[in-house]
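Subject: Structure handover

Hello,

Please find the structure below, followed by notes on what was found in it.

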2 protein chains.
Amino acid sequence: MKPVKIGICGLGTVGSGTFNVLGRNSAEISARAGTEIIIEQVGARRDNPACDTSSANVTRDIFDVVRNPEVAVVVELIGGTTVAKQLVEEAIANGKHVVTANKALIAEFGNELFAKAEAQGVTIAYEAAVAGGIPIIKALREGLSANKIEWLAGIINGTGNFILTEMRDKGRDFADVLKEAQELGYAEADPTFDVEGIDAAHKLVILASIAFGMPLQFDKIFTEGISKIEPQDVTYANELGYRIKHLGIATKTEDGVVLRVHPTLIPEKRLIASVDGVMNAVLVKGDAVGPTLYYGPGAGAEPTASAVVADIVDLARELATGGKPNQAHLGFAADALQEFNMLPMSEVTTAYYLRMTAEDRPGVLSKITQIMSDKGISIEAVIQREPQNEGAQASIIMLTNRAQEKQLLAAISDIEALDTIEGSVTHIRVESLD
Amino acid sequence: MKPVKIGICGLGTVGSGTFNVLGRNSAEISARAGTEIIIEQVGARRDNPACDTSSANVTRDIFDVVRNPEVAVVVELIGGTTVAKQLVEEAIANGKHVVTANKALIAEFGNELFAKAEAQGVTIAYEAAVAGGIPIIKALREGLSANKIEWLAGIINGTGNFILTEMRDKGRDFADVLKEAQELGYAEADPTFDVEGIDAAHKLVILASIAFGMPLQFDKIFTEGISKIEPQDVTYANELGYRIKHLGIATKTEDGVVLRVHPTLIPEKRLIASVDGVMNAVLVKGDAVGPTLYYGPGAGAEPTASAVVADIVDLARELATGGKPNQAHLGFAADALQEFNMLPMSEVTTAYYLRMTAEDRPGVLSKITQIMSDKGISIEAVIQREPQNEGAQASIIMLTNRAQEKQLLAAISDIEALDTIEGSVTHIRVESLD
């Protein structure tokens with residue numbers, strides 16, 4: 001078989017991991033691909049001590065790689081959406097297949113890039129863009145292709161999951177754990193992307209489009225981060241038999257599609273509730289298969305490289321046998337993608353955890369429950385924590401049954417207007433995931 | 001695109017599930033496959049009230065299907081290894097691709113069937129043969145293709161897992177739960193295949209061959225069932241922080257490959273320890289990706305149909321674009337498969353749980369620990385349960401550190417020879433799965 005020649009752009013964490021894995025496991029990889037995979041060129045502005053490129057053909061201008069006529073597959077690992085987009089566009093224009101780990105690029109510009117690739121007869125593969133080494137894109141596109149996907153829910157940001165796990169296991173507060181995560185290198189100096197849910201939103205929009213067969217719609221996601229979760233919420237959730245996880249959730253019903261990223265209470269008995277630390281997991285509900293879950297490391301040099309190389313091997317298998325790589329970039333034929341009604345968060349129905357601080361005197365709880373009842377929201381459980389000191393305030397924690405978000409927000413507004421309620425009411429959504 | 005015409009042989013549980021899923025989800029399936037999938041013919045000795053085949057072309061002679069010149073893909077769902085083997089052989093000889101859910105057929109006759117398929121330029125796909133609806137074959141063959149797989153461990157028999165879960169949750173004994181499992185339809189009238197680990201062994205040999213790139217070797221598996229697990233073992237395991245699961249374990253080291261199916265104590269903190277009831281899960285350790293886990297329903301009409309249809313869609317995608325379906329049946333090019341040294345169970349090194357009944361008098365424990373020490377086995381934890389009645393026997397439970405199986409068996413033999421020990425010593429292997 002003719003070897004398949006690739007070019008790697010970027011030698012950061014994932015680039016060096018990819019370079020190293022391709023070298024170390026070349027025997028297994030060739031045997032699986034049915035052909036040899038050769039790194040024809042590496043484009044990197046600087047060397048990375050994590051990998052020895054002394055015998056490789058390295059160029060400082062990454063655009064040399066996409067212009068190299070020998071290169072059949074361009075592996076874009078520079079990140080960002082400016083130069084990376086130009087690079088991918090030029091690779092496509094030059095008739096090269098593209099493998100990328102760039103979730104922002106796919107989530108925000110995937111529609112136009114896929115259209116360009118289809119027009120040129122090339123493929124963009126992006127398994128590494130979501131959940132690192134977990135082959136979840138392949139599972140959704142191929143493994144579950146028999147199913148109507150009803151919903152999926154994922155822990156798809158390892159930094160956020162590390163923080164929530166530490167908060168629960170050690171009773172630490174958010175800011176304290178975030179600082180440690182930054183020191184450990186799990187979180188960026190600017191942690192906004194991770195803790196405010198933007199990174200998770202990028203991944204969720206990709207998963208949802210493949211699951212439901214619709215164009216990527218990054219602007220339609222509701223996103224709420226974890227920075228307002230307090231240690232006491234973690235503790236009360238535990239008492240109620242729940243864990244708090246930062247989930248990306250995509251659902252499709254007859255009413256439409258909802259994409260949302262937010263902290264979520266989930267029953268501790270669900271397998272995904274036990275996914276701790278920096279690990280990722282995606283739970284998918286198909287109408288035929290039922291629930292399946294995919295778990296593994298969501299980041300890191302070699303876990304992400306594992307997904308990058310899997311895409312390269314898939315392409316190599318096709319190229320070696322003269323086949324046409326799959327151009328159904330979102331798992332569905334491009335002309336079969338559908339626009340669904342995208343529901344805003346206010347229309348979503350879910351259960352809620354509420355926590356509020358109230359004066360410790362008779363009648364307070366009765367007023368609150370009256371407001372809930374007026375809004376048609378029934379209460380599933382209440383914890384009332386009496387103050388430790390005379391005259392101090394009591395904490396009231398509630399689990400509601402399923403209610404529409406706008407009704408819940410209206411009830412909260414009324415509750416906050418009570419003169420016996422101090423400050424604002426914390427609300428966290430609750431999902432049973434069954 | 002030209003539609004892809006398939007023939008379904010067998011209308012039992014999986015056959016009717018496949019027929020129904022293909023019908024119900026035909027819009028999604030065609031959109032994903034990029035072409036229409038048409039059920040050209042169904043071969044079934046009798047109708048199944050679970051599906052309405054009134055508008056289908058049904059033949060009572062299943063061999064009509066493999067002789068039908070219109071049929072491009074034969075879906076073998078009759079089970080067994082006699083007629084099914086003839087059917088698949090004739091399908092291959094007639095140039096048809098084959099999709100099957102038949103784990104026994106693949107595990108025992110896969111090598112020869114794959115060779116025949118390769119010679120004829122056709123493919124045998126068998127995602128549904130292992131772990132029902134979980135796309136684990138695809139994950140190993142494609143999703144993890146960058147990795148040297150170091151080991152995998154799976155709960156790959158739902159009946160056995162249901163029994164062990166009930167024993168733990170409700171303190172019931174094996175025979176009692178087995179009877180219920182039979183009444184619920186989870187276990188066959190003859191439960192040997194499930195509870196003695198033969199079904200799991202079939203699946204493990206397939207997983208291991210794909211993971212390591214070696215021919216199928218069903219005769220090389222060590223198999224031990226769960227029928228001797230007693231409720232007290234389940235209880236003691238819990239006390240020690242473990243769960244007992246019936247695992248299929250495949251490991252590859254420099255010394256060779258070990259394939260084994262046996263009850264195993266695993267730390268309760270591992271995600272796979274929380275996989276309960278009839279659900280399956282496979283934990284895979286790759287050198288690049290680290291640990292990944294795949295979870296879902298391991299049996300049932302539609303979960304299994306989900307995997308069958310996924311294989312059909314994969315084939316249809318290739319056939320529709322004029323590609324050549326992947327003939328690396330075990331994930332590696334056929335000429336790249338290697339024979340590894342297959343280690344017998346006696347050479348395996350693992351930790352052990354031991355339970356024995358001893359006379360309640362001084363010096364007994366010291367004699368036991370002396371024997372263990374003489375065999376070079378160190379002890380990690382001991383529970384000694386004093387008898388409730390004067391003069392009755394005490395239970396001694398031990399966790400050992402890692403030791404070679406033959407050393408452990410020699411120690412057990414010496415312990416059983418002590419006149420203070422009553423009956424035989426129970427031993428269950430312990431794996432940390434980290």
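A residue is called buried if 20 or more other C-beta atoms lie within 10 Å of its own. By that rule Ile136(A), Ile137(A), Lys138(A), Ala139(A), Leu140(A), Arg141(A), Glu142(A) and Gly143(A) of helix H6 are buried. That is 8 of the 8 residues of H6(A), which spans residues 136–143, and the helix is mostly covered. Please keep in mind that this is a predicted model.

What covers H6(A)? Within chain A, the buried residues pack against helix H10 (198–212), strand S11 (279–286) and strand S12 (290–297). From chain B, helix H6 (136–143) and helix H12 (301–320) also pack against them.

This leads to the contact between the two chains. In it, 54 residues of chain A touch 54 residues of chain B. On the chain A side, helix H2 (26–33), H6, S12 and H12 each supply at least two residues. Which element gives the most to this side? It is H12(A), with 10 residues. Sorted by class, the chain A side has 26 nonpolar, 18 polar and 10 charged residues.

H12(A) also packs within its own chain. Its axis and that of helix H1 (residues 13–24) of chain A come within 8 Å and cross at roughly 65°. Angles of 65 to 115 degrees count as roughly perpendicular, and H1(A) and H12(A) are therefore roughly perpendicular to each other. The crossing of H1(A) past H12(A) is right-handed. On the H1(A) side, the contact is made by Thr13(A), Val14(A), Ser16(A), Gly17(A), Thr18(A), Val21(A) and Leu22(A). On the H12(A) side, the residues are Ala301(A), Glu302(A), Thr304(A), Ala305(A), Ser306(A), Val308(A) and Val309(A). By class, the residues of this contact are 7 nonpolar, 6 polar and 1 charged.

One residue of H12(A) to look up is Leu319(A). Is Leu319(A) buried or exposed? It counts as buried, because it has 21 C-beta neighbours inside 10 Å. Beyond its neighbours within four places in sequence, Leu319(A) is in contact with Val4(A) and Ala72(A). The C-alpha atoms of Leu319(A) and Lys2(A) are separated by 8.8 Å, although these residues are 317 apart along the chain.

Next, the domains. Chain A is divided into domain 1 (4–132 + 301–336), domain 2 (136–297) and domain 3 (346–430). The C-alpha centres of domain 2 and domain 3 of chain A lie 25 Å apart. Their contact takes 12 residues from domain 2 and 11 residues from domain 3. On the domain 2 side, helix H11 (231–239) and strand S10 (256–267) of chain A are the elements that give two or more residues. S10(A) has the largest share of that side, 6 residues. The domain 2 side is made up of 7 nonpolar, 2 polar and 3 charged residues.

Last, two backbone angles. Most residues other than glycine have a negative phi. Ala131(A) has a positive phi, near 60°, and lies in the loop between strand S6 (124–125) and H6 of chain A. With 33 C-beta neighbours inside 10 Å, Ala131(A) counts as buried. Leu433(B) also has a positive phi, of about 50°, and is found in the segment after strand S17 (421–430) of chain B. Leu433(B) has 19 C-beta neighbours inside 10 Å and so counts as partly exposed.

Regards

Conventions: Residues numbered from 1 in each chain as written. Chains lettered and ligands numbered in written order. Predicted model: local features only at pLDDT ≥ 70, side-chain atom pairs only at ≥ 80, totals over all residues. Axes fitted to C-alpha atoms, helices over the stretch in contact; angles between N-to-C directions. Helix = DSSP H or I, 4+ residues; strand = E, 2+ residues; numbered from the N terminus. Parallel < 35°, antiparallel > 145°, perpendicular 65-115°, else oblique. Left-handed = near helix turned anticlockwise from the far one by under 90°. Contact = placed C-beta atoms within 7 Å. Nonpolar A, V, L, I, M, F, W, Y, C, P; charged D, E, K, R; others polar. Domains from an automatic or database assignment. Buried ≥ 20, exposed ≤ 12 C-beta atoms within 10 Å, placed from the backbone.
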